[in-house]
Amino acid sequence: MSDNQAVSRLAIFDEYPFIAKKLPWMPIGMYPTPVQEAPALADALGVGRMFIKRDDLTHPLYGGNKVRKLEFILADAVRRGYKKVLTFGGIGSNHVLATTIHAAEKGLGTIGILVSQPVTAHVKHNMLCDIHYGAEMHLANGYTGMGKMALKIVAETTLKKEKPPYLVPMGGSAVTGVVGYVNAAFELKRQIEEDALPEPDFIFVAVGTAGTASGLITGCRAAGLKTRIIGVKVTDWVIGNTVALASLANQVSLMLFSLDSKFPLHLITPFNLDLITDYFGSGYGSFTREGVKAIELVKKNAGLELEGVYTGKTFAGLVGTARKKKLSGKTVLFWNTYNSSDLSHIASQHDCSELPKEFKRFFDCPEHTHGDV
């Protein structure tokens, strides 16, 4: 694929060519991701029309929402001459696994600084896949411990006179990464113009580290869509909150405006954002009854697999909103951020003996399952 062909795949580059010329980007994902209408789900919810944006299909090996962010983040790392990236997450982090896989394809190593979370079969699966794809894994004691460990790793590489790793925030929610979801809004606008779906009244999306939702907020406004973004909190309040959403939205808007003065500049305040906080449960990674029921509802009526940490809770927020009759007669889009590619054949090639010793204890823990809620 030539550079010109690659650039043409991103809708935002077609709209703002100066951004294409100035902003590092490398193709990873397959776009546009499909939009699936789910009439049975709409009937079950009492919604006018129900659609699902299939970002689980951004990449055939490992998709999900991280792919759109990594296209910009990894391009910046490569341009700056880095050999490794350092990032953060829970022990079962989809972001760390996605970064490890796609960074390796671009010749970059990945260092993951991880913290504990409720142990599920999926968490164990991701740790084994991290090892398979070459992640260097470190276990930290909480969020404060993450920072201390990152400083230690950077200091050690500096003392060895090596280039320190390129730092990637949790969830890939760097300002450069957020551009991936600004572009996603322009991609959605193009699909609306092509009659893949009518313009949604509402988009429901998970708010973890806020990058996906803030990109959609900025992108929808810049693209001239009237769609309202409804975020559903799935992480602790110190990470997922309206201040973080507004801050990232404003930062990416200012950055894109600085690259191309024709890009619409909008000021976002925390007070005019929608963030549902009632479906988080007891903590990050924990399942909730509402989330489990939402997973079952979507599987039965749309044939789509969600999970209990992000998308199940997000769809539970959609269900709760529908039950309040706030979506009657409305067009609703659920943005599926979960990877749907099956890597079980990869995980099955490994066992916990291959993990760093501090991670092996998680394989002795009772698994957190749907039956625990």
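Analyst: The lining of the largest pocket consists of twelve nonpolar, 20 polar and four charged residues. Here Ala, Val, Leu, Ile, Met, Phe, Trp, Tyr, Cys and Pro count as nonpolar, Asp, Glu, Lys and Arg as charged, and the others, Gly among them, as polar. The model is predicted, so local features need pLDDT of at least 70 and side-chain atom pairs pLDDT 80 or more, while totals for chains, interfaces and linings use all residues. Residues are numbered from 1 along each chain as its sequence is written, and side-chain values use heavy atoms, with hydrogens and water left out.

User: What volume does the largest pocket have, and which residues are closest to its centre?

Analyst: A pocket is an open set of points on a 1 Å grid over the protein atoms alone, where a 1.4 Å probe fits, with protein on both sides within 12 Å along at least five of seven lines; lining residues have an atom within 4 Å of a point. Points are joined across faces, edges and corners, and the volume is the space filled by probe spheres set on them. For the largest pocket, this volume is about 490 Å³. Its lining has 36 residues, of which Lys66, Thr209, Thr235, Tyr284 and Tyr310 are the closest to the centre. Helices H5 (66–79), H6 (94–105), H8 (142–159) and H10, with strand E3 (84–90), each supply at least two lining residues; helices (H or I, at least four residues) and strands (E, at least two) are DSSP runs numbered from the N terminus.

User: What volume has the second largest pocket?

Analyst: The second largest pocket has a volume of about 400 Å³. Among its 22 lining residues, His122, Leu306, Glu307, Gly308 and Tyr338 are closest to the centre. Helix H7 (residues 121–132) gives the largest share of this lining, three residues.

User: At roughly what angle do H9 and H10 cross?

Analyst: Axes are lines fitted to C-alpha atoms, for helices over the stretch in contact, and angles run from 0 to 180 degrees between N-to-C directions. Those of H9 (residues 175–193) and H10 come within 7 Å and cross at roughly 45 degrees. H9 is therefore oblique to H10; angles under 35 degrees count as roughly parallel, over 145 as roughly antiparallel, 65 to 115 as roughly perpendicular and the rest as oblique.

User: Which residues of H10 meet H11?

Analyst: Contact means heavy atoms within 4.5 Å. Gly211, Ala213, Ser214, Ile217 and Thr218 of H10 meet Leu245, Leu248, Ala249, Val252 and Ser253 of H11. By class, the residues of this contact are six nonpolar, four polar and no charged.
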